[in-house]
Amino acid sequence: MSIETISRNDPRYRTLMKGRNNARFPVAADMASRIELCDNAEDVAVALQRAVSEGLRPTVRSGGHCYEDFVYNNPGGVVIDMSMIGGTTSLPGAPKYRISAGAPLGDVYTDMLKRYNVTLPGGTCGTVAAGGHISGGGYGLLSRRYGITVDWVTAVDILTVDSHGKVDARRVDQKHDQELFRACRGGGGGNFGIITNYFFEELPTVPQEVITANISFSWPDMTEEKFEAVLRTYGNYWETRGKDSETWGLFTIMGLTHRTSGHLGISIQFCNPDGTCKDLKVLNEFLAQFEPCGPVQTTPTTAAAIGGERAIHHAAPENCWGMQMMSKHLWLDANARGGGGGGAGGETRGKYKSSYMKRSFTSAEAACIYKYLTKTIPGADMTRSTLAVDSFGGATNKKELIATTAVAQRASVMKLQLQTYWTRPEEDGAHLQWAKEFYSELYSGPDANPKYKETPYWNDRYEGCFINYPDKDMLAYPFWQELYYGEGDLVPALKATKNKYDPNNIFHHAMSIRP
Amino acid sequence: MMDRSRWSRRQFVRMAGCSSLGAMALGLPRLAPVSQASDKAAPRFAFISFDGKGANGAGISVFDVRGAQWRQTSTVASQAPSSLVLDTGENYLYVVNEINEHEGLPSGTVEAYTIDAVDGRLRLLNRQRLSLSATAPRHAAVSPDGRALVVAVHGGGAYNVLPIREDGSLEEVVGILKETGSGLYEEQRSAHPQMVVFDPAGRVVSTDLGSDRLSVFNLNAARLSVSGRYEAQAGHGPRQAVFHPDGRLLIVSNGLDASVACYRYNADQGRIEKKLAQVAISRGENTAGVLMAMDPAGKFLYTTHRSGVDGVSMWKINRDTGRMRRLQIVNVGVPQLNEISVTSDGESLVGLSSEQSGVFVWRVANGQIAGGKRVANVEAPMSVAVKSS
């Protein structure tokens with residue numbers, strides 16, 4: 001037992017009372033009374049019991065990447081830190097593969113390759129840890145090929161708190177506490193208990209190599225017509241050709257950056273379904289789609305600008321496709337990035353929004369996006385304001401998994417993340433307003449259902465939002481839970497699970513499942 | 001989990017939602033010395049909160065009560081104002097908004113109002129959101145020094161403490177104490193704090209209907225810490241609490257079995273020592289809890305019951321043994337009283353009836369309940385507070 005308690009008078013308190021990617025939190029008045037640094041699952045149970053018995057609210061941190069204030073705005077409460085619990089060794093009597101909740105994805109990729117030559121179809125950011133990533137249904141560069149992480153989870157170790165306030169340790173799976181197991185497969189963190197381990201019977205084999213590539217466009221040369229052509233070319237590909245299984249090894253992030261950044265473009269990672277890059281037909285075909293749009297030469301600098309915090313790794317170019325930079329890497333080098341990548345940095349402030357799209361962009365959507373990416377705001381630095389449009393679909397679209405996971409979005413071909421970063425607190429208002437207005441207008445066009453105006457509510461074009469990109473602005477809409485979890489049985493199922501396994505609502509935040 | 005089928009769920013919720021006795025400040029003994037001088041003063045203004053479905057919506061009406069018939073003088077809008085509490089100087093009114101959501105967040109709210117000394121008009125000072133998950137707050141009490149408002153959060157199973165500024169307005173929540181616990185019945189799936197009162201030493205005593213628990217908390221720097229716990233009989237569902245003026249008897253009405261229990265309280269140590277006595281107020285089927293109020297001098301306890309007749313009983317409590325002796329039971333003819341309270345001069349019993357959309361007053365000055373009269377029409381009244389000073 002070796003819990004390290006960091007209280008307010010500890011010199012480490014200010015350092016550790018911060019997330020990795022949003023300096024907006026915590027606000028001074030809402031800071032927790034202490035942080036409990038835990039070394040193992042037993043420590044976590046002790047720390048949790050202590051908090052509950054003292055009548056204090058526990059919030060949980062693994063990688064520290066929460067987009068909203070769910071962890072750090074915990075006035076007088078307790079932050080239970082899992083970041084030092086990073087084991088990936090197997091446990092006796094458990095499914096074959098184990099990943100501790102505190103393990104950063106970069107380490108997971110490395111360890112799982114070394115031990116078993118398997119991997120997660122996980123995230124783009126190596127410092128995001130398994131705890132939050134998987135519980136929210138995380139996805140990544142291999143998801144079109146292998147689905148989302150929760151599709152592979154076969155058991156979970158979780159600490160819950162019973163009606164009398166006693167901490168219970170459970171291993172839940174398809175046969176034990178089935179409804180809680182389902183909720184842990186994408187329902188989102190901070191809802192039901194503290195997950196300490198994820199288990200997997202099977203995991204995808206690590207691809208041997210990948211191609212990373214970029215397509216860049218110059219903002220000074222951009223016109224609204226050309227901008228729409230880029231968006232529609234991209235969207236049309238994923239709506240049509242991207243559905244063919246031979247393309248599922250292709251994953252892209254289109255970085256629609258603000259005009260002041262100078263460039264916009266597409267980051268690409270590719271391998272064939274057999275885990276090699278011997279045949280580049282699919283990749284070249286994709287790249288060729290954009291030739292009429294007038295791409296410019298990519299440099300490492302423009303690639304970084306386009307990809308932002310989620311830029312796909314590039315080394316010195318080894319090959320070129322036309323003018324475009326291309327380089328070959330060992331898969332692990334491209335994804336783990338030494339474990340130090342990701343996160344917008346300790347002093348960076350951010351705001352995020354998300355949406356799922358089942359179809360390509362319309363002219364109205366393209367016009368709205370163009371409008372906000374070319375809008376300047378006096379006194380606000382918009383160079384790190386981006387609408388990232390990730391490819392999706394492929395193996396993520398297994399509809400039969402809606403019933404056994406807590407991820408309902410199984411028909412989308414693109415997944416969007418509006419992200420804006422800044423440093424100075426006095427720019428908070430400008431950035432928050434820009435993001436809110438951009439998003440509201442984008443989803444108030446001719447394709448939006450008037451009843452659900454300002455949101456990508458579920459219809460023939462949209463599938464709501466992603467709970468791991470939480471956005472408190474959505475709380476303004478009475479249907480916010482359906483936005484994230486769909487119109488099916490998931491919302492009532494999650495509520496029932498909440499009432500059964502957390503009857504006193506010990507685990508709560510602004511957007512947690514409500515009793 | 002047992003099914004309490006003898007009540008309908010709707011009955012229970014309605015009852016529980018309206019009978020928080022928010023007007024404790026008027027009907028119950030004043031423990032703070034500052035208020036002693038006003039105990040004999042005649043009532044001047046009554047504040048009645050209501051949550052109607054009609055055109056008037058929800059709010060708080062002010063009545064001039066210096067006359068046979070109450071005269072409504074003003075009204076302010078307020079959301080689900082389930083409980084009203086005056087500060088010890090009766091200069092400010094605090095309102096508990098029993099809501100589950102505020103500005104999209106899962107929280108109830110509380111409001112602070114100033115009271116115009118001339119006409120009783122209310123002016124909103126501010127409204128503060130309670131802590132996350134502090135949904136459906138039900139009751140609040142002002143600390144004897146007037147510097148903190150302690151809120152019992154029914155839905156979210158918690159207590160919140162908000163410092164009170166010099167001007168009577170409320171600061172943001174500082175103290176949060178999250179409860180756990182459950183009981184025998186459907187209504188007891190989780191902790192449900194119902195009411196908070198201050199003991200003579202300034203500690204907070206609370207009832208928890210969900211966990212059958214009575215608690216004593218220390219209040220320091222707007223934060224609560226547990227001083228003592230007392231596990232009440234399983235299935236009681238403790239709801240209202242009132243101290244006898246000597247501070248050694250704690251009387252608790254139980255929401256789930258329509259009983260009243262009397263406990264020995266150790267004010268020096270902040271501890272509930274033992275249960276001295278208990279009486280069943282209603283028996284048989286269709287009991288639906290019990291409301292109670294005590295006159296400021298501690299001479300009588302009044303209770304309602306809901307089985308058979310719509311009755312109000314007057315009780316005498318033995319200060320040494322805690323035994324309760326019923327002096328009188330009166331069929332008041334007003335069904336479904338939501339709340340009762342005794343004016344601080346000890347001469348009148350005020351009852352609110354949602355079913356009758358009215359406010360009723362009985363004379364109780366001479367050890368007799370007499371002269372029931374409708375003094376005001378209010379749709380869906382919830383809570384009452386009476387200003388005397």
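**Views of a predicted model**

**Figure 1. Charge placement in chain A of the predicted model.** The 54 positive and 57 negative charges of chain A have mean positions that lie 1 Å apart. Chain A exposes about 17700 Å², of which carbon and sulfur atoms supply 52%.

**Figure 2. Overall fold and dimensions of chain A.** Chain A is built from 14 helices and 16 strands, and its C-alpha atoms fill a box of roughly 65 × 50 × 45 Å along the principal axes. Because a compact globule of 515 residues would have a radius of gyration near 24 Å, the 22 Å found for chain A agrees with that description. Of these 515 residues, 62% count as buried, and among the contacts between residues at least 6 apart in sequence, 74% join residues at least 24 apart.

**Figure 3. Helix α11 of chain A and the elements that surround its buried residues.** Helix α11 spans residues 363-373 of chain A, and its buried residues are E365(A), A366(A), C368(A), I369(A), Y370(A), Y372(A) and L373(A).

**Figure 4. Confidence in chain B and in the model as a whole.** The pLDDT of chain B averages 86, with 87% of the residues scoring at least 70. Over residues 3-39 of chain B, however, pLDDT stays under 50, although the model has 117 contacts beyond four places in sequence for this stretch. Where pLDDT is low, the predicted coordinates should not be read in detail. The model scores ipTM 0.89 and pTM 0.91.

Notes
Residues are numbered from 1 along each chain as its sequence is written. Chains are lettered from A and ligands numbered from 1 in the order in which they are written. This is a predicted model: local features need pLDDT of at least 70, side-chain atom pairs count only at pLDDT 80 or more; totals for chains, interfaces and linings use all residues. Side-chain values use heavy atoms; hydrogens and water are left out. Helices (H or I, at least four residues) and strands (E, at least two) are DSSP runs, numbered from the N terminus. The radius of gyration is taken over C-alpha atoms; the globule rule is 2.2 Å times the number of residues to the power 0.38. Buried means under 20% relative accessible area, exposed over 50%, partly exposed in between (1.4 Å probe, protein chains only). Contact means heavy atoms within 4.5 Å. Accessible areas come from the Shrake-Rupley method with a 1.4 Å probe; for residues, only the protein chains shown count as cover. Lys and Arg count as positive and Asp and Glu as negative; His and the chain ends are not counted. The place of a charge is taken as NZ of Lys, CZ of Arg, CG of Asp or CD of Glu. pLDDT is the predictor's confidence in each residue, from 0 to 100.
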